[in-house]
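Please keep the sequence and the model in view while reading.

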Amino acid sequence: QHLDVFEKKWEETKSAKRDEYYKTKSASIFNDLDSNKDGSITVDEIISNPVFDADGNGEVSEEEAKEVIGEAGTISSYDNFMSDVWPKWSDKLVQRKSETFDSGKLSTNQQTPDIDEDNIDNDIVTEDEDEIAREHVATTQEEDIYGQKPEHDDYLKSLIAAADKARQEHKASEDEKNNIENEIGEIEKALSSDFGSHEEFAYLRGKCFQFTDREYTYEVCPFNKVTQSPKSGGSQTSLGTWGSWTGDENKYSKMKYEGGQNCWNGPDRSATIVLSCGTEDLLISASEPNRCEYLMELKTPAACSSAGKSSHDEL
């Protein structure tokens with residue numbers, strides 16, 4: 001509530017300062033438009049000012065001028081100017097006054113004001129430079145009108161600091177909550193996963209193995225995903241995420257990954273990982289026997305215990 005009162009008071013101050021600023025500017029602008037200083041403004045004097053170019057074609061026509069000052073073709077006094085022209089054109093005239101009449105830096109082509117080039121990327125395009133210039137003019141004009149916004153008093157500063165601290169603490173609590181929920185989700189997922197008849201494949205979870213041929217690098221992350229990346233660089237392609245065990249005689253001899261990136265005019269990519277007994281974890285081959293269907297072989301000691309006695313003998 002204290003902050004609302006402060007902001008309301010500042011808005012009231014701005015409104016009063018704006019009225020005062022515009023009143024001061026209006027007399028100066030009327031004098032500038034009255035180029036022959038006869039106390040009136042004519043069609044010719046309006047035509048000479050590009051701010052009244054309503055259709056943006058680069059010149060002010062007689063019709064456009066009369067839209068400003070009426071069919072009579074003249075504004076006979078400052079009072080008439082304030083009642084007939086000022087309400088509609090004050091913002092544009094004040095901006096034009098700030099840019100052209102006061103500074104003399106802008107021509108009818110709207111040259112940009114001086115900008116600190118150290119703060120601008122050398123590669124920025126012309127449109128961005130124009131936008132920066134417009135923002136610079138707007139900021140300068142606002143400061144001219146309103147001055148610097150007053151600082152909050154000590155009491156309000158303490159309220160703002162307390163609110164900021166509360167927001168930070170709330171965000172930290174939310175982050176911690178989300179992290180805990182994610183950890184619980186991972187644990188529940190692990191507990192519900194089938195890691196083999198004796199959990200022999202559990203240690204593979206969280207690991208990844210790569211195989212590189214002439215064109216691609218393939219990566220298998222057991223119980224997670226399979227991907228393909230061009231050796232020459234480029235985006236990674238999903239070949240599927242963990243689905244299920246699909247071995248025939250031995251259920252745990254094949255892993256199926258499904259729902260990979262869609263092939264052009266074809267199915268979603270998928271991968272089958274054949275597990276074989278080996279002394280170390282090693283992805284030894286990758287191929288694409290059918291379009292968008294990938295086949296890879298992963299040697300691992302975990303496959304030895306699930307393959308039966310013959311596998312132990314071979315090892």
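## Strand pairing and aromatic contacts

Ser244 has Lys256 as its bridge partner in strand S7. The model is a predicted one, in which local features need pLDDT of at least 70 and side-chain atom pairs count only at pLDDT 80 or more, while totals for chains, interfaces and linings use all residues. Residues are numbered from 1 along each chain as its sequence is written, and side-chain values use heavy atoms, with hydrogens and water left out.

Strands S6 and S7 (residues 254-258) pair in the antiparallel sense over four bridges; strands here are DSSP runs of E with at least two residues, numbered from the N terminus, and two of them pair if DSSP finds at least two bridges between them. This pairing belongs to an open sheet of eight strands with mixed pairing, whose order is S3-S4-S5-S6-S7-S8-S10-S9. Because strand S3 (209-212) and strand S9 (282-290) each have a single partner strand, they stand at the edges, and one side of each is left without a neighbour in the sheet.

The structure holds 13 aromatic pairs, a pair being rings of Phe, Tyr or Trp (its six-membered ring) with centres within 6.5 Å, where planes under 30 degrees apart count as stacked, over 60 as edge-to-face and the rest as tilted. Two of the pairs are set out below.

| Pair | Centre distance | Plane angle | Class |
|---|---|---|---|
| Phe223 and Trp242 | 5.1 Å | 75° | edge-to-face |
| Trp245 and Tyr252 | 5.0 Å | 80° | edge-to-face |

Phe223 lies in the loop between strand S4 (216-221) and strand S5 (225-230), whereas Trp242 lies in strand S6 (residues 237-245), so their pair ties together parts that are 19 residues apart in sequence. Phe223 is buried at 7% relative accessibility, where buried means under 20% relative accessible area, exposed over 50% and partly exposed in between (1.4 Å probe, protein chains only). Trp242, with a relative accessible area of 23%, is partly exposed. Trp245 is buried at 10%, and Tyr252 is buried at 13%.

Thr217 lies in strand S4 and counts as buried at 19% relative accessibility. Its side chain makes a polar contact of 3.0 Å with the side chain of Thr212, a polar contact being a pair of N or O atoms within 3.5 Å, of which, within protein, one must be able to donate a hydrogen and the other to accept it, and residues adjacent in sequence count only if both atoms are side-chain atoms.
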